[in-house]
Amino acid sequence: MKKTLVGTVVSNKMTKTVVVNVENKFRHSIYRKVITRHKKFKAHNENLALNIGDVVTIEETRPISKDKHFIVI
C-alpha cells in the first residue's frame, strides 16, 4: 500500500522538484494538548505548474534520487 500525504508547496526552485510541507496534528497522551509536527518532503513534479502555497497530494514511489521518494498526484 502506497503512502499518500497532503501538504503545501514550500519551494519550487528546483527543476521538476517541489518541497512539500506536511503537517501532522495529534493530541498528547498525558497533557491532552494538541501538538503540531511538520516534515518536509521532496516530490517529483513533471509539469512544473505548481506555485508556493498550493495544496497538493503526494504519493510514495520508488527512489527517484537520493532525497526524492514521492511524486505529486
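Which side chain meets lysine 42 in a salt bridge? Select aspartate 67: the side chains of lysine 42 and aspartate 67 pair up, with N to O at 3.4 Å. Keep in mind that this is a predicted model.

**Stop 1: the lysine 42 pair**

Colour by strand. Lysine 42 lies in strand β3. Aspartate 67 sits in the loop between β4 and β5 (68-72). The pair links distant parts of the chain, 25 residues apart. Now show the surface. Lysine 42 has a relative accessible area of 31%, so it counts as partly exposed, between the 20% and 50% cut-offs. Aspartate 67 is also partly exposed, at 44% relative accessibility.

**Stop 2: the glutamate 46 pair**

The structure holds two salt bridges. For the other, select glutamate 46 and lysine 16. Their closest N and O atoms are 3.2 Å apart. This pair, too, links distant parts of the chain. Glutamate 46 is in the loop between β3 (34-44) and β4 (55-60). Lysine 16 is in the loop between β1 and β2 (17-27). The two residues are 30 apart.

Opposite charges on side chains can pair when the charged atoms come close.

**Stop 3: serine 11**

Is serine 11 buried or exposed? Its relative accessible area is 19%; the cut-off is under 20%, so serine 11 is buried. Display its contacts. Leaving out residues up to four places away in sequence, serine 11 touches Thr17, Val18, Val19 and Ile52.

Key:
Residues numbered from 1 in each chain as written. Predicted model: local features only at pLDDT ≥ 70, side-chain atom pairs only at ≥ 80, totals over all residues. Heavy atoms only, no water. Buried < 20%, exposed > 50% of the residue type's maximum accessible area, 1.4 Å probe, protein only. Contact = heavy atoms within 4.5 Å. Salt bridge = Lys/Arg side-chain N within 4 Å of Asp/Glu carboxyl O. Helix = DSSP H or I, 4+ residues; strand = E, 2+ residues; numbered from the N terminus.
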